[in-house]
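Here are my notes on the helix packing in this model. Please read them with the structure open.

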Amino acid sequence: MSTSIPEYKIKTFRWLFYLSCFQILVFFAVPALIYPVQILFDMEIMAALTVGVLFALFSLLVNLCGLSIDTDRKLLYIIMSVIMGGWILWASITWIFIEYMDYLLT
């Protein structure tokens, strides 16, 4: 019995990966269309610290699954996992020490 993964499962997973990347792109692009430039950076930070953590967690889980499903693009999934893990770590540290982070209060 072969342990290789069928090509259709790899292609289906790649579409899931593209969907998770598109979600993050839209997540940051939509506020740019709604809010004025003066408060855009602050709104992006608040969005990344709240709802954005869910998008980062979903993308992290997709990338971790990609490590075992799509072995041809393993480096891409490792890099994306590090970025998403950093995002979640940044959000966690920010919420722990939020009273000391003046950049969120201005």
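**Notes on helix packing**

1. In helix H3, the buried residues are Gly52, Ala56, Ser59, Leu60, Val62, Asn63 and Gly66. They lie on the same side of H3, because they cover an arc of only 165° around the axis. Buried means under 20% relative accessible area, exposed over 50% and partly exposed in between (1.4 Å probe, protein chains only). The arc is taken from the directions from the helix axis to the C-beta atoms. Leu54 and Ser68 are exposed on the other side of H3.

2. This is a predicted model, in which local features need pLDDT of at least 70 and side-chain atom pairs count only at pLDDT 80 or more, while totals for chains, interfaces and linings use all residues. Residues are numbered from 1 along each chain as its sequence is written, and side-chain values use heavy atoms, with hydrogens and water left out. Helices are DSSP runs (H or I, at least four residues), numbered from the N terminus.

3. H3 has 18 residues, and its first and last C-alpha atoms are 25 Å apart, close to the 26 Å expected at 1.5 Å a residue. The expected span is 1.5 Å times one less than the number of residues. For H4, with 23 residues, the reach is 33 Å and the expected value is 33 Å. Helix H1 (residues 7-34) has 28 residues that should span 40 Å, and the 41 Å between its end C-alpha atoms agrees.

4. What covers the buried side of H3? H1, H2 and H4 are included in the cover over the buried residues of H3. Contact here means heavy atoms within 4.5 Å.

5. H3 and H4 pack with their axes 8 Å apart, at an angle of about 150°. Axes are lines fitted to C-alpha atoms, for helices over the stretch in contact, and angles run from 0 to 180 degrees between N-to-C directions.

6. Residues of H3 that meet H4 include Gly52, Ala56, Leu60 and Leu64, and those of H4 that meet H3 include Lys74, Tyr77, Met84 and Trp87. Lys74 is partly exposed, with a relative accessible area of 38%. Between Lys74 and Leu64 there are 9.6 Å, C-alpha to C-alpha, and they are 10 residues apart in sequence.

7. Buried residues of H4 include Tyr77, Met80, Trp87 and Thr94. The buried residues of H4 pack against H1, H2 and H3.

Definitions and conventions
Helices (H or I, at least four residues) and strands (E, at least two) are DSSP runs, numbered from the N terminus.
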